[in-house]
Amino acid sequence: MSGVSMAVDLGGIRMANPIGTASGTFGCGRQFEGFYDVGRLGAITTKGCSAEPWNGNPAPRVCEVTSGIMNSVGLQNPGVREFVAHEGAYLSGLAERGCAVICQVVGHSIEEYASALELYEELAPFAAGFEVNISCPNVAAGGLAMGSTPERAAEVMRALRPLTRRPVLVKMAPSRVPETARALEDAGADALSLINTIPAMSIDVRTRRSRLSRPTAGLSGPLVHPIAVRMVWEAHNAVGIPINGIGGVMSGQDAAEFILAGATTVSVGTANLVQPDSAPRILAELERWAESQGVHDINELIGAFEC
Amino acid sequence: MGLVVARQTAGLHECEVVGNGPDAKGIFLLRMRAEGLSRALAPGQFVNVAVPGDATQILRVPLSCSGILPDEGLVEISYAVVGDGTRRLSEVPVGTSLGVVGPCGHGWGPIEGKALLVAGGIGAAPIVCEARRLGVEGVPFDAALGAQSAARLWGEAALARAGAGEVLVATDDGSAGIAGFATLAAERLLAKGGYSCVLCCGPQPLMAAVAGLAGKAGVPCLVSLERMMSCGFGACCTCNVSLVGGRQASCCMDGPVFDASEVVW
Ligand SMILES: Cc1cc2nc3c(=O)[nH]c(=O)nc-3n(C[C@H](O)[C@H](O)[C@H](O)COP(=O)(O)OP(=O)(O)OC[C@H]3O[C@@H](n4cnc5c(N)ncnc54)[C@H](O)[C@@H]3O)c2cc1C
Ligand SMILES: Cc1cc2nc3c(=O)[nH]c(=O)nc-3n(C[C@H](O)[C@H](O)[C@H](O)COP(=O)(O)O)c2cc1C
Ligand code: FES
């Protein structure tokens with residue numbers, strides 16, 4: 001154990017350490033128990049769930065690009081009720097083990113977001129807070145559209161704010177960061193998560209077709225990390241609420257960059273899929289870095305970037 | 001058929017390469033020392049292999065086991081070199097330690113009666129693995145095996161050694177066995193009758209056609225499907241298989257072996 005205090009507070013979500021996992025890349029957590037004790041993580045964010053089940057997009061849903069992957073899962077999910085019925089017991093136990101459980105909601109419309117959040121509010125006493133995904137680029141009717149302008153983003157947040165007293169995070173699209181962040185803060189968001197995947201394309205030049213089942217898909221992995229660091233820094237400069245940095249974190253050094261740029265917490269995404277024991281390794285590396293910086297508390301390093 | 005099979009949770013294994021070389025044209029045999037995995041794997045299951053050599057290529061390569069030798073602590077994988085990942089794998093020297101996730105998915109499950117095994121190309125890998133088990137358990141089986149050419153034919157000797165009653169070979173160019181696809185060989189064997197199930201792995205069109213033939217003959221059919229995937233243990237939803245009735249299954253957890261009558265082809 002190091003001498004550095006690693007506990008952080010993400011807009012009311014108390015975490016034993018800053019390392020969490022990004023929605024959609026971690027199942028419900030259970031899948032990783034064969035690799036390590038998931039209870040050691042600061043938080044997990046569950047797969048985006050809607051009030052009713054969604055089928056997602058046809059296969060193929062993933063392809064590899066240089067230093068990253070692209071996915072077009074399209075938020076396939078069994079719906080909040082079914083999800084809680086299957087995974088609620090595991091998630092309650094995980095919360096008792098000291099890992100904050102953040103449940104993500106998705107919808108095609110404000111009404112659908114509200115229904116999903118209301119269901120979670122009722123069925124998920126284990127949730128430390130909720131994350132509203134207004135930025136998934138894979139859903140034609142909602143997703144990006146809901147978060148594509150600061151006004152739309154704020155509208156969603158204002159509608160959801162009265163529905164729960166638990167902390168609400170908003171998962172932002174990687175565009176128009178400062179103004180969207182300010183609009184969300186004004187609308188009552190407790191914290192911001194960024195970035196989601198970046199809309200991108202990959203074409204098989206032999207067949208002239210997309211390498212995935214849709215023309216565009218979401219880019220993630222190490223190649224998005226420098227972009228994400230810039231966006232976290234912009235958000236940090238724009239608002240006072242805490243930020244959860246996401247995007248291409250493969251090492252403790254990547255996580256440390258987010259903290260310096262202004263993130264209070266860091267979520268590991270794609271790294272979980274390619275190297276399943278990544279998150280605890282990243283936590284250990286982050287802790288060693290904090291120690292090497294000579295601080296007593298990781299909070300001293302948040303936003304400590306010097307320019 | 002026994003599709004809901006007890007499954008071990010996937011873990012991370014460091015496996016030492018003890019052999020890696022060509023076995024037929026474009027096909028390599030990888031042998032790994034993997035004590036834990038060799039005891040945990042069942043025929044039809046797969047592993048997700050991190051292939052060294054290019055830090056910009058981060059996805060693992062999913063590969064079925066073609067041989068499981070728990071007494072020697074070895075796992076064998078037979079793979080076709082089709083792209084960058086499998087090419088890099090073919091260059092991995094003996095002594096290298098490979099990071100392997102597994103066991104992934106569930107296998108063929110218990111088989112009763114007489115089985116017809118149908119394989120096309122490197123689809124023979126999980127089929128040969130199952131044939132060895134059937135041989136040991138004394139379950140009778142025949143095999144239909146297809147390849148592009150005699151040079152690319154893989155698995156014929158292994159199937160015969162495992163105890164196949166008959167191995168009917170078909171090659172696209174007629175350079176070995178009958179001229180035509182594996183479907184033709186499967187059709188001929190099925191016509192003889194007497195099979196209680198068909199197990200098939202190969203290119204998607206072959207599996208779809210064999211599923212149709214088996215359906216017509218009234219014989220239950222299992223297929224081992226391939227999907228582009230990432231984690232291999234149920235965490236990402238990138239490996240979906242559409243099932244009849246609109247349900248989405250995951251290839252890596254609910255498969256890769258599926259009841260052919262449930263798959264939307
Ligand atoms: C459960 C499962 C078991 C498999 N078992 C074997 C096996 O025992 N032996 C074997 O040789 N191959 C097997 N495969 C296929 C193997 O995973 C792919 O051939 C391999 O990932 C190609 O990687 P690459 O980087 O060499 O090719 P890439 O450059 O990525 O692609 C080359 C070609 O292979 C196709 N391809 C890529 N990834 C996959 C994939 N996951 N599934 C199917 N096609 C793919 C691409 O569409 C392209 O046409 C299996 C696949 C799955 C899903
Ligand atoms: C396969 C896959 C599925 C994802 N599903 C979701 C999702 O359901 N909700 C969401 O907000 N983000 C989802 N994401 C985005 C990640 O949570 C994360 O924001 C993004 O991948 C960037 O981080 P990374 O580079 O570390 O992966 C998904 C990403 C991947 C690769
Ligand atoms: S590959 Fe991740 S769920 Fe199947």
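A: In chain A of this predicted model, A:P60 belongs to the loop that runs between strands β4 (43-45) and β5 (62-65) (strands are DSSP runs of E with at least two residues, helices runs of H or I with at least four, numbered from the N terminus). The peptide bond that links A:A59 to A:P60 is cis, with omega about -5 degrees. Chain B also contains a cis peptide bond, here between B:G102 and B:P103, and its omega is about -5 degrees. B:P103 sits within strand β7, which covers residues 97-104 of chain B. A further point of backbone geometry concerns A:R208, which is not a glycine but has a positive phi of about 65 degrees. A:R208 is located in the loop of chain A between β12 (203-204) and β13 (209-210). Most peptide bonds are trans, and most residues other than glycine have a negative phi.

Residues are numbered from 1 along each chain as its sequence is written, with chains lettered from A and ligands numbered from 1 in the order in which they are written. Local features need pLDDT of at least 70 and side-chain atom pairs 80 or more, whereas totals for chains, interfaces and linings use all residues; side-chain values use heavy atoms, without hydrogens and water.

Ligand 2 lies between chains A and B. Around ligand 2 there are 26 residues (a heavy atom within 4 Å), and those that come nearest are A:S23, A:Q104, A:G221, A:G248 and A:T270. By class, this shell holds 16 polar, eight nonpolar and two charged residues (Ala, Val, Leu, Ile, Met, Phe, Trp, Tyr, Cys and Pro are nonpolar, Asp, Glu, Lys and Arg charged, the others polar). Oxygen atoms of ligand 2 take part in polar contacts (N or O pairs within 3.5 Å). A:K171 places a polar side-chain atom 2.9 Å from such an oxygen. The backbone contributes too: an N or O atom of A:I195 is 2.9 Å from an oxygen atom of ligand 2, and a polar backbone atom of A:G221 is 2.8 Å from one. Of the 600 Å² of accessible area that ligand 2 has on its own (Shrake-Rupley method, 1.4 Å probe), the protein covers 98%.

Ligand 1 has a shell of 20 residues, in which B:P62, B:A80, B:G85, B:T86 and B:E226 come nearest. Here the division is 12 nonpolar, five polar and three charged residues. A nitrogen atom of ligand 1 is 3.0 Å from a backbone N or O atom of B:S64, and a polar side-chain atom of B:E226 lies 3.2 Å from a nitrogen atom of the ligand. An oxygen atom of ligand 1 is 2.7 Å from a backbone N or O atom of B:A80. The protein covers 73% of the 840 Å² of accessible area that ligand 1 has on its own. Two or more residues of the shell come from each of β4 (61-64), β6 (74-80) and α2 (84-90) of chain B. The most, four residues, come from β4(B). Because domain 1 (11-104) and domain 2 (115-262) of chain B both give residues to this shell, ligand 1 lies between them (the bounds come from an automatic or database domain assignment).

Definitions and conventions: Polar contact = N/O pair within 3.5 Å; in protein donor to acceptor, adjacent residues only side chain to side chain.
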